[in-house]
Amino acid sequence: MHEFAITERLVETALRTAAESAGPDARVRRVRMVAGALHALVEDNMQMAYAVLTRGTAAEGSRLEIVRRPVIAACGGCGWSGEITPPFFVCPRCEHVGVEVTGGKELFLEEVETADEH
Amino acid sequence: MNIKVYQDLMGANEEWAARTRVLLKEKGLAMVNLIGAPGCGKTAVLEVMARRKDGPRFAVLEGDVETTRDAERLARLGLTASQLLTGGACHLEAKLVHYALRDLPLDELDLVVVENVGNMVCPAEFDIGEHAKVAVLSVTEGEDKPLKYPLLFREAKAVLLTKTDLLPHLSFDLATCLKNLQSVNAAAPVFQMSAAREEGFGPWQVWLNEARAEARSP
């Protein structure tokens with residue numbers, strides 16, 4: 001359940017961002033985060049943690065979007081680069097086993113949408 | 001209103017991990033983070049290391065959800081061991097480790113071993129400022145574990161394959177296990193060992209001594 005710890009930071013950052021950019025009374029409507037496929041995150045757990053952690057805050061009832069990014073690797077053997085599927089960190093072209101992972105470890109808050117004022 | 005943010009969600013944890021790295025550098029200390037399932041033999045490995053005289057001088061930060069039993073087990077062998085209780089959380093985070101580290105007698109040590117909470121998923125996600133994550137896998141768990149938990153085995157700089165004295169009694173396929181480890185992480189050395197028989201610890205101690213020498217180099 002490391003999802004809870006990660007979501008805690010997500011909600012804190014989103015609320016702070018909304019207040020700083022759109023004023024102290026801003027309501028959060030949508031939050032988008034990006035998570036590389038190397039992070040073993042269970043989306044249902046993230047959504048549940050998000051619902052619990054936003055209760056009673058300016059983000060209560062808002063939507064959490066989770067964008068997954070694939071694992072990208074570069075082969076030191078033949079120079080191939082592209083998407084690989086864990087758990088096999090093997091070059092699909094030359095079967096070299098020491099590929100370098102260049103993408104898939106991202107974990108960040110990308111965007112916060114606040115409700116427009118009327 | 002759409003606000004673009006690009007804020008790393010591990011940022012706060014990373015700050016504490018960075019402080020730990022500065023402290024370790026200042027003291028010329030190595031720190032390794034042992035990660036494995038409950039019951040894979042992490043504490044038993046530390047007990048053998050405490051009895052041996054060929055390894056670095058070390059203290060242990062014991063991560064558990066509850067009880068101080070593991071720290072007591074190690075203290076009985078004369079080791080300095082602090083128990084870190086997460087009170088339910090499934091992993092150690094950098095801030096807690098940093099505070100506990102500061103309370104150790106760092107000038108009398110070569111190495112700090114963090115025994116993370118028994119879990120193969122969550123601890124692999126968190127940088128605690130260590131020089132190396134070390135995956136611990138016992139032969140009773142099955143040869144496909146590296147494929148089931150690729151993040152841990154991918155992050156690990158070394159793998160301890162424990163309880164090898166039990167191999168004659170198991171259908172565990174050692175060659176397949178080593179092949180699986182290789183396909184997830186070709187760079188990490190695998191140390192096969194038995195704590196019950198105190199076998200296979202020599203190469204692991206050499207690796208730790210090297211990690212320590214590296215930590216001391218400018």
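**Figure 1. B:Glu130 is placed in the loop between strand 5 (111–115) and strand 6 (132–138) of chain B.** The model shown is predicted. B:Glu130 has a relative accessibility of 8% and therefore counts as buried, the cut-off for that class being under 20%.

**Figure 2. Polar surroundings of the B:Glu130 side chain include the side chain of B:Asn33.** A polar contact of 2.8 Å joins these two side chains.

**Figure 3. B:Glu130 is in contact with residues beyond its neighbours within four places in sequence.** These partners are B:Arg21, B:Met31 and B:Asn33. B:Asn33 is also the residue whose side chain forms the polar contact with the side chain of B:Glu130.

**Figure 4. The fold of chain B comprises 8 helices and 8 strands.** The radius of gyration of chain B is 17 Å, close to the 17 Å given by the globule rule for 218 residues, so the chain is as compact as a globular protein of that length. Along the principal axes, the C-alpha atoms occupy a box of roughly 60 × 45 × 40 Å. Of the contacts in chain B between residues at least 6 apart in sequence, 74% join residues at least 24 apart.

**Figure 5. Burial, surface and charge in chain B.** Of the 218 residues in chain B, 55% are buried. The chain exposes about 9,300 Å², of which carbon and sulfur atoms supply 50%. Chain B carries 25 positive and 30 negative side chains, and the centres of these two sets are 1 Å apart.

Definitions and conventions. Residues are numbered from 1 along each chain as its sequence is written. Chains are lettered from A and ligands numbered from 1 in the order in which they are written. This is a predicted model: local features need pLDDT of at least 70, side-chain atom pairs count only at pLDDT 80 or more; totals for chains, interfaces and linings use all residues. Side-chain values use heavy atoms; hydrogens and water are left out. Helices (H or I, at least four residues) and strands (E, at least two) are DSSP runs, numbered from the N terminus. Buried means under 20% relative accessible area, exposed over 50%, partly exposed in between (1.4 Å probe, protein chains only). A polar contact is a pair of N or O atoms within 3.5 Å; within protein, one must be able to donate a hydrogen and the other to accept it, and residues adjacent in sequence count only if both atoms are side-chain atoms. Contact means heavy atoms within 4.5 Å. The radius of gyration is taken over C-alpha atoms; the globule rule is 2.2 Å times the number of residues to the power 0.38. Accessible areas come from the Shrake-Rupley method with a 1.4 Å probe; for residues, only the protein chains shown count as cover. Lys and Arg count as positive and Asp and Glu as negative; His and the chain ends are not counted. The place of a charge is taken as NZ of Lys, CZ of Arg, CG of Asp or CD of Glu.
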